[in-house]
Structures are given as C-alpha cells and as structure tokens.
Amino acid sequence: YAKQLVYSHAIQQFKLLSLWQKQSLLCEQDVEVFKARIKNMIPMIAASHNMEQLRGLEGATAKVIFACIASIAPVWCKFKGRNRRPPLDPINVVLSLSYSLIYAECTRALTAQALDPMLGFYHEPVHGRYSLACDLTERIRTEIDKWVLQLFIEEHLKINHFSSSEQYPCVLNKEGRAIFYPLWERKFKAWKKYLRSNAQQWAKTVDQA
C-alpha cells in the first residue's frame, strides 16, 4: 500500500509537469529533464525493498517539483526549495498553511470512518502526529502544490500580502489572509469530497482484511 501511495503520487507529479509544459511555464529543455527524472524513478518505486528506499524516492520526486516551482515562481517570492518551521518565503508560507489545513481535514475524514489517524502505513507512528492523516495528505499533495503556485502566478497573492517579524521571517498578513481563505474555501469543497472518498475506501479495505 505504501508503494501504491508513492507510485500514485509520482504519476500525479509527472502529469503536473506535463501541464506546466503545456502552459509554457517551463522551457522545453528544462521540462524534458525534469520529466525524465521522475519517469526514471517510477519503476524504482515498484522495485524498492524497504521503506527507507521508498521514502528516498518520494523525496527525490518532490525535489523535482520544487525545482520546477523555483523556476516558475515570480522572482519576488525568493523560492529556492521547500523549507519550514518556520517557512522563509511566501510560497513556503502558503504551502505550509495549505498542508496544515488539509492535514486537519484528513484527520477528520479518517476519524469519521472509525480509522485511527495515528496509525500510518507509510509515515511511521510518532508521538503527537497523526501519521495516517499524513498518508492521506499524500493523495492530494500535488494538487496543493499546483494550486499554491497558481495563486502567485495569477497574482491573487502579492508581495504586500506578506510581512516579517523578529520571530517569523515571513508570514501571511491580515490582508493576505482575507484573500487566501475565501479562495481556499472554494477549492476545498472538491478536495474535501475526494479525501472523504479515499478514507472510506481505506476503511473498506481494512474491513475486508
């Protein structure tokens, strides 16, 4: 099941690269290199022998997507790759916020199906973390990456929507939050239905087992 999860994620990432290519957001030479990297890693997922290898491959495909985002994102975003705790730039701020909101919904969706959200099959159980909710988040992570980048490309979020302080190098300010959350709610309706459907399917699988 962990292999299926990572394989599905990699396929979604490859399709996202094709979409960015179609939208001419990446030059042909760069996108072909990025697509080749993920394409070469896809068969390695099925052939992996342990969770460490599988997580390494998942991390490698994620780096490809973030490298693409770095090439596409507006210069003012200063995005150079994924960072967190705290996020250092606007795109990472919105990525972290979006992942957190989806993680919370995944927890609710799993609990509604009487599944213990702490017992993950891909993410190892860790004190204070809902590991199965992290697993479910992987089903939609690529869609989040795509949507967050669109917020900046389409200029829904701009440089004046972010600020900094001594404690946090970059935060979404009040004006930015007033723009983000209505957009999130509209997009979230479809994602919520999708996540609940996946949680229901996982519950059926457990019942059959």
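Is E105 buried or exposed? In this predicted model, E105 has a relative accessibility of 1% and therefore counts as buried, since the cut-off for that class is under 20%. The side chain of E105 meets that of R196 in a salt bridge, with a distance of 2.9 Å from N to O. This pair links distant parts of the chain, for E105 belongs to helix α4 and R196 to helix α7 (residues 174–208), and the two are 91 residues apart.

The protein contains seven helices and two strands, and their order along the sequence follows the pattern α-α-α-α-α-α-β-β-α. The radius of gyration is 18 Å, close to the 17 Å that the globule rule gives for 209 residues, so the protein is as compact as a globular protein of that length. Along its principal axes, the C-alpha trace spans about 50 × 40 × 30 Å. Of the 209 residues, 45% are buried, while the accessible surface comes to about 11,600 Å², with 54% of this area belonging to carbon and sulfur atoms. When contacts between residues at least 6 apart in sequence are considered, 63% of them join residues that are at least 24 apart.

Attention then turns to the remaining charged pairs. Side chains of opposite charge can pair when their charged atoms come close. The count for the protein comes to five salt bridges, including one between E124 and R55, whose side chains meet at 3.8 Å from N to O. Because E124 lies in the loop between α4 and α5 and R55 in helix α3, this pair ties together parts that are 69 residues apart in sequence. With relative accessibilities of 49% for E124 and 28% for R55, each of these residues counts as partly exposed. The charged end of R55 also sits over the ring of Y122, at 5.5 Å from the ring centre, so that R55 takes part in a salt bridge with E124 as well as in a contact with an aromatic ring. Another arginine, R141, lies over the face of Y99, at 4.3 Å from the centre of the ring.

A salt bridge is also formed by E143 and K146, where the closest N and O atoms are 3.4 Å apart. Here both residues lie in helix α6, three residues apart, which is about one turn of the helix. E143 is partly exposed at 31% relative accessibility, whereas K146, at 19%, counts as buried because the value is under the 20% cut-off.

A pair of aromatic rings is described by the distance of the centres and the angle of the planes. A search of the whole structure finds 14 aromatic pairs. In one of them, the rings of W76 and F152 have centres 5.8 Å apart and planes at 50 degrees, so the pair is tilted. W76 is placed in the loop between α3 (51–72) and α4 (90–112), and F152 in helix α6 (residues 141–153), so the pair ties together parts that are 76 residues apart in sequence. W76 is partly exposed, with a relative accessible area of 26%, whereas F152 counts as buried at 1% relative accessibility. Ring pairs also link W147, F180, Y181, W184, F188 and W191 into a cluster.

Most residues other than glycine have a negative phi, and most peptide bonds are trans. The peptide bond from R85 to P86, however, is cis, with omega near 0 degrees, and P86 is found in the loop between α3 and α4. S24 has a positive phi of about 60 degrees although it is not a glycine; the residue is located in the loop between α1 (2–22) and α2 (28–47), and S24 counts as exposed at 62% relative accessibility. For A114, phi is near 65 degrees, which is a positive value in a residue other than glycine. A114 lies in the loop between α4 and α5 (131–137) and, at 73% relative accessibility, counts as exposed.

Methods. Residues numbered from 1 in each chain as written. Predicted model: local features only at pLDDT ≥ 70, side-chain atom pairs only at ≥ 80, totals over all residues. Heavy atoms only, no water. Phe/Tyr/Trp six-rings, centres within 6.5 Å; stacked < 30°, edge-to-face > 60°. Helix = DSSP H or I, 4+ residues; strand = E, 2+ residues; numbered from the N terminus. Buried < 20%, exposed > 50% of the residue type's maximum accessible area, 1.4 Å probe, protein only. Lys NZ or Arg CZ within 6 Å of the ring centre and 35° of its normal. Rg over C-alpha atoms; globule rule 2.2 N^0.38 Å. Contact = heavy atoms within 4.5 Å. Areas by Shrake-Rupley, 256 points an atom, 1.4 Å probe, with all protein chains shown as cover. Salt bridge = Lys/Arg side-chain N within 4 Å of Asp/Glu carboxyl O.
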